[in-house]
Amino acid sequence: MSLPAWWQVVRPHEDIKKGTLSESIFAADLGDVLIGTAPEEYKDPRLFFGKTYLTQGLKSLIRNVVERLTIGQGDPIIQLQTPFGGGKTHALLSLYHLVKTPGQVSHFAQIRELLPNIDKLSGQKVAAFVGTMADPIRGRTPWGAIAEQLGCYEVVKEHDKMRIAPGKERLKEILQKSGPALILIDELLEYVVKANRFEKEEKITQGQTLAFMQELSEVVATSDRSVLVVTLPASILEQYDEEAEKALMQLQKVLGRVESIYVPVEGIEIYEVIRKRLFEDLGDVTIHRQVAEAYFKLYQSLGNDVPREVRETAYREKIERAYPFHPEFIDVLYERWGSFQTFQRTRGVLRLLANVVKFLYDRRVSAPLIQSSMVELSDIPVRQEFIKHIGNEYNSVVDGDITGKAVQIDKEMGSEYEKYGIAKGLATSVFLYSFSGRGSSRGVNLPWLRVALLREGIPSTIVGDAVDKLEEALWYFHAEGRTYSFKNQPNLNRVIIDKEALIEVNDINDYFDKQLKRMLKGPLLDVYVWPRATSDIPDNRSLKLVVLSPEFRYGDVDTEKFVKELFDYAGVSFRIYRNTLFVVALDTAVYINLEQQIRRYLALKSIAEDASIPLAENAKIELQNRLKRAEDDIPDTVINAYRHIGWRSNGSIIWKDMGIATVGQYSSLTARIMDYLKKEERVLSSITVKAILDRGFAKDEEEKTIQEIYDVFLKTPGLPCLEKEDVLFEAVKNGVMNGLVGLRAGNRLYYREPFYSGLSVDMVVVKPERAEIEKEKSEAVPKGEVGGQIESPKSGFDIGGVDTRNSRSVFIPAGEQPLGQSDAPVVLPSNKMKGVYMKVTVPWDKISQIVNGVFRPLIQCGSELQVTVEIEAQTQKEIDSMTLENKVKETLRQINAQIVEWKELK
């Protein structure tokens, strides 16, 4: 069962869905509320608490403040020392609205649950001072502003005008007159830095604000029911100097003696804060659990391919709490980007996520959760939320690599990639992980990339392959060890691109020519590379392969014209041996790829040889790996580029597509072509006698020389070619022995008899009918001297005990003399014998010829043969006893041979 898409379950707030969300709501603070310029969602207590999630830290803070104001219990001095953007504004506003207008928010369930006695909260006063809005020269001082809001300005009026801290007695008087009071001081460091600068210029005693804070904290601490809440940054911001750092340390020292530190937002509470603000309805929590369980099972099944953290049961709860976001996405924003002092953590995350949710909701992107790989960096509002923290130069990085090349990779790799945006999603996730305000923790490894990308329907095995493609294609994508990141400096790919631009077409052609010639070696074809004219190809009996240049590609009109001329002419003369010619042409699409491969190889080689190019050590290793891969890939592409082969058939040229060869199947182009020609039966390694008679003879021809027959196959388009003359020789020899053809050598006709001598092209092949007649006539002639006659030795011939004394006559070729050079039959005396015994020494590799030429004729005479084989084998090394026992003796036993004598020589 498929999981529902997140937008089918949750419902974003209307302002997010409609795109009317004002950027100002993410920039509002306590000062805006005080002067009435904040958005309604911050200014109106009911709207504010309707979209506020009370974290445990915030609950503790509220409970402490209310108890202090109502019954005098709790911490009187509280410091909100949060990371920049860590929820302090929400904490201050929560306290401000709750104490100032408790009646407007007491109906909220979360308030009632937190403060059962909220009705006691009535009449307490609130005073707030915001350092970023205060004017240290003409405006109220902190003591003047606070006293004025508590209705006691006259108490410190002179001190306010003179900008001198009033002292503890005046402050005690103010708190006594005002009654229980909540004093909120925000952005105090900002004011201190400005005030100190003014005090130096006016030569007034420095540190009045610090003195006031010490006095105020001591007075509030000893009061009955007043509370002081102060916010300080966790660290110095970039715009501050050493004086500011010194001031922060002094403030912390002043407040540190009496304060309690509260953290408004901790851990996974950020998920609830985000969900409350962005979504009006979170849907069925049962679906949340189902989705969390499905992702958890996925991570369990992947084992060590994903981080151990996501395989722990606690992460399942984390997914459920973050729904519809994947916690990995929120964490990278909060922990990496939140470390930028300009990002404003919670506020920045909310602003960014609001844009992401709107974009994905509008397009109904199908996914159970919103993951970092789904962030659409082509959406300008989304992109700017990142770019403004890292620099405008990264716009070109995003355009070129993520929304450009990565998208192209998805298109090229097919439906699986394009459907899910695999390459673009991974590139986006790497981008999000590439930056941190801390200067460290930049980049991401493969296990976390799987978490960022994988979801229902995406095969886990695709991630590694896609990252490899990004590393190959992207310019600003860097791989250092097993960590991937984007930088605004070009990586090795960019250097390669620059070098490729310098490679000339002539450089490519020169390398291609050399590579091609190395791949065109073979004994069966005479190869002619990139001929320019018909005269470049001789007209002879050899099989010839013409490899056309890139100028003549398959399917071009000019190619057809040129190839036809090659088949028809050899210079100014007509081509006679047309059937010996084969032509291969380049496939345009594959050749374009081959050109790019060669260009890439030459660029890599140039970089490797250029010592002036500064490359990191890992880049040098990667360069050598790429160079090796590029060089290894070219031969296969060359073979597949020359995939179209043509030959002449009757009046036309036949073209065949040899297809794509398996990688590494061939190292030689000629071997690939010869294999194909044999498979298509355009070149024959063997031929039947019937084919010779059917195709090599005209109907009225009864005999023909071997040369003439061979030439028929070489000259006639449409007939298959014979691999070499031996193919024809072998067929004729077999045909003669089996009575399928006769062979005339000189004045001797051979028919239905074996022979062992070599054939020559001037011998004549005779059709079987004619050969039969001639043979009968020749046997009818009385025996006499026809050429030299050899008498049989009285003792006969000894072939290991073969008894051939019943034989009438045997033709013995003298010393493997070619037939026709001594073609007179050698005839034994005409007297008939009862048998023959011969003992001869025969080369071991000729034993099969003894069977056909000696044993078979004697059996045809009705002889009963008894064969005794005498074998003596000696070696300079040693004969293994196991070989004798397990192979030699075992073979003899299996053929029922009787071992008459066995002697081992030492």
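Q: Before we look at strands, when do two strands count as paired?
A: Two strands pair if DSSP finds at least two bridges between them. In this predicted model, valine 583 stands opposite glycine 646 of strand S16.

Q: Which strand is joined to S16 there, and in what sense do they run?
A: Strand S15, residues 581–585, is joined to S16 by three bridges, and the two run antiparallel.

Q: And how many bridges link S16 with S17?
A: Six bridges link S16 with S17 (residues 652–657), again in the antiparallel sense. Serine 649 has serine 652 in S17 as its bridge partner.

Q: What about the turn in that hairpin, which residue takes a positive phi?
A: Asparagine 650 does, with a phi near 55°; the hairpin has two residues between the strands.

Q: Is S16 mostly covered or exposed?
A: Strand S16, residues 644–649, is mostly covered, with six of its six residues buried. His644, Gly646 and Arg648 point one way, while Ile645, Trp647 and Ser649 point the other way.

Q: Switching to helices, at what angle do H17 and H18 pack?
A: The angle between H17 (residues 313–322) and H18 (residues 327–336) is about 80°, and their axes lie 9 Å apart. The two helices are therefore roughly perpendicular to each other.

Q: Which residues meet there?
A: From H17, Tyr315, Lys318, Ile319 and Ala322 meet Pro327, Glu328 and Asp331 of H18. By class, that contact has four nonpolar, three charged and no polar residues.

Q: Finally, how many helices and strands does the chain have?
A: The protein chain has 37 helices and 25 strands. Of its 906 residues, 50% count as buried.

Definitions and conventions
Residues are numbered from 1 along each chain as its sequence is written. This is a predicted model: local features need pLDDT of at least 70, side-chain atom pairs count only at pLDDT 80 or more; totals for chains, interfaces and linings use all residues. Side-chain values use heavy atoms; hydrogens and water are left out. Helices (H or I, at least four residues) and strands (E, at least two) are DSSP runs, numbered from the N terminus. Buried means under 20% relative accessible area, exposed over 50%, partly exposed in between (1.4 Å probe, protein chains only). Axes are lines fitted to C-alpha atoms, for helices over the stretch in contact, and angles run from 0 to 180 degrees between N-to-C directions. Angles under 35 degrees count as roughly parallel, over 145 as roughly antiparallel, 65 to 115 as roughly perpendicular and the rest as oblique. Contact means heavy atoms within 4.5 Å. Ala, Val, Leu, Ile, Met, Phe, Trp, Tyr, Cys and Pro count as nonpolar, Asp, Glu, Lys and Arg as charged, and the others, Gly among them, as polar.
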